[in-house]
Amino acid sequence: MSETLARTPLYDLHAELGGRLVPFAGWEMPVQYTGIIEEHMAVRKTAGLFDVSHMGEARIRGRDAAAFLDRIMTNELSTLKPGAARYTLMCQPDGGCVDDLIIYRFSETEFLICLNASNAQKDIAWMRTLIGTAKVEVIDECVAWAQLAIQGPLAEQVLALTTSLPLASIRRFGFLVGEVAGASGCVVSRTGYTGSAGFEIYLPAASATQVARALLAAGKPLGLIPAGLGARDSLRLEAGYPLYGHEISERISPIQAGLGWTVKFTKAQFIGREALRRQAEGGPPSSVVMFSLDDRRIARQGAIVFAGDTAVGEVLSGTLSPVLNKPIGTALVAAGFTGSSELTVDIRGTRLPLHISVEPFVK
Amino acid sequence: MSQVPAHLRYTKEHEWIRLEADGTATIGITDHAQAALGDVTFVDLPKVGKSFAAGEVFGTVESVKAASDLYSPVSAEIVEANTGLNDTPDLVNREPYGGAWMIRVKLKNPAEAAQLLDAAAYSATL
């Protein structure tokens, strides 16, 4: 049985731009156009435009929307102001992650949630089972929205050429709704997944091509290029951002992933609270660390981490950092070894010293 | 479209081999292979003097995306490895048939070379 891959509204544009399309989370997505390293450096030095329309969206609406979100998310959403967004985890009762999300508040009773592509339908089903008697609707808007991310030091300058929205007034994790490149109803937020400045734009699917073309044309003289999922992954790893299925998953909790700041124990109740609290207080059995290698070989997902001859962990993500020009990655390492300076990683039979980094490689 | 020079022989695994007049051969990976790998970041090559059977893994080429084994097209002994690729692995992307040759070998069984794909047969596999 062959899998049918979904296509974003920008599929034809990707082909026209020379994007190399690969299967990703059930979608046919561009992994690169000109090259991962070139696209990565464009985002660090000028700007890159990503199609992230594979991401899912759900609208949460109703009198109890805020209380519902406080109950099912680790972060506190009732205190979020309209016009602002917040990063949160959604956990299982055992503390494992259902997904990580960004939630945008439109009004007292209305929110939009950005869902990971691979989890979107699972998340929507999960949330619906939790409604109970709450006065709230979970509306699947995955098909209605396209998403673009314009990221890099010149992203704001490029975006300003296509919109009259007062971009300078948007704070980090703030957003405005308005017109971009003639398309109305766009949500423009100062958020991103690269570690560089920039915006994410939620836009009606039918307007996606028009807006993407306008941004590419406006940005070309400034060095904006289209960027694919390959660069998106190396950028987020340099910046220390987790990716679901790697640094967080049903078996890796937010406490283990170093995302304790998103878990608000001040809330009396939320799903996963007891399990996460035990981990936070007693220390989790293993934790996610960031590392670099002084080599050219990349330690990839599944590579085993050793302390002496004892296996104490495994690599979760690995890539070459174009900024540092050396391999970086993340690993899940057993408690007691996360601060060790004696760790090695096995790459095809060669043990290489692994240098743990407490700070992201790019800030 | 990727380049497939007519004067080389090829494997299904996307290595090329050029038979030299002195009985040695030069081996690298094809334009198609470098394009599929994307930005090459590391090339792991064997030491001079090591021997490999036809089809055996002689090294690894690694890109941002993935690590791929390199297969020896023929039974051979390494007489030279392109150590320049340690510092400029990206040459594999720019000059797959030129500066980014990987190994020079002495053939152990020259008859094997005749069984490799010619340019037309290799092109047909792409």
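1. A word on terms before the domains: their bounds come from an automatic or database domain assignment. On that basis, chain A of this predicted model splits into domain 1 (11-52 + 144-238), domain 2 (56-140) and domain 3 (242-357).

2. Let's look at domain 2 and domain 3 of chain A. Their C-alpha centres are 27 Å apart, and 23 residues of domain 2 of chain A touch 20 residues of domain 3 of chain A. Together the two domains bury about 1700 Å², with carbon and sulfur atoms giving 59% of it. Of the area that domain 2 of chain A buries here, A:Thr74, A:Tyr87 and A:Cys97 supply 29%, more than any other three residues.

3. The polar side of this domain contact has twelve residue pairs in polar contact (both at pLDDT 80 or more). One salt bridge crosses it: A:Glu250 pairs with A:Lys122, with the closest N and O atoms 3.3 Å apart.

4. Now for the two chains. Chain A and chain B each bring 15 residues to their contact, and the area buried between them is about 1200 Å², 48% of it from carbon and sulfur atoms. In chain A, the residues losing the most area to chain B are A:Arg296, A:Arg300 and A:Arg348, together 42% of what that side buries.

5. Which salt bridge does A:Arg348 make with chain B? Its side chain meets that of B:Glu62 at 3.1 Å, N to O. Three salt bridges are found across the interface of chain A and chain B.

Technical notes: Residues numbered from 1 in each chain as written. Chains lettered and ligands numbered in written order. Predicted model: local features only at pLDDT ≥ 70, side-chain atom pairs only at ≥ 80, totals over all residues. Heavy atoms only, no water. Contact = heavy atoms within 4.5 Å. Buried area = accessible area lost by both parts, 1.4 Å probe. Salt bridge = Lys/Arg side-chain N within 4 Å of Asp/Glu carboxyl O. Polar contact = N/O pair within 3.5 Å; in protein donor to acceptor, adjacent residues only side chain to side chain.
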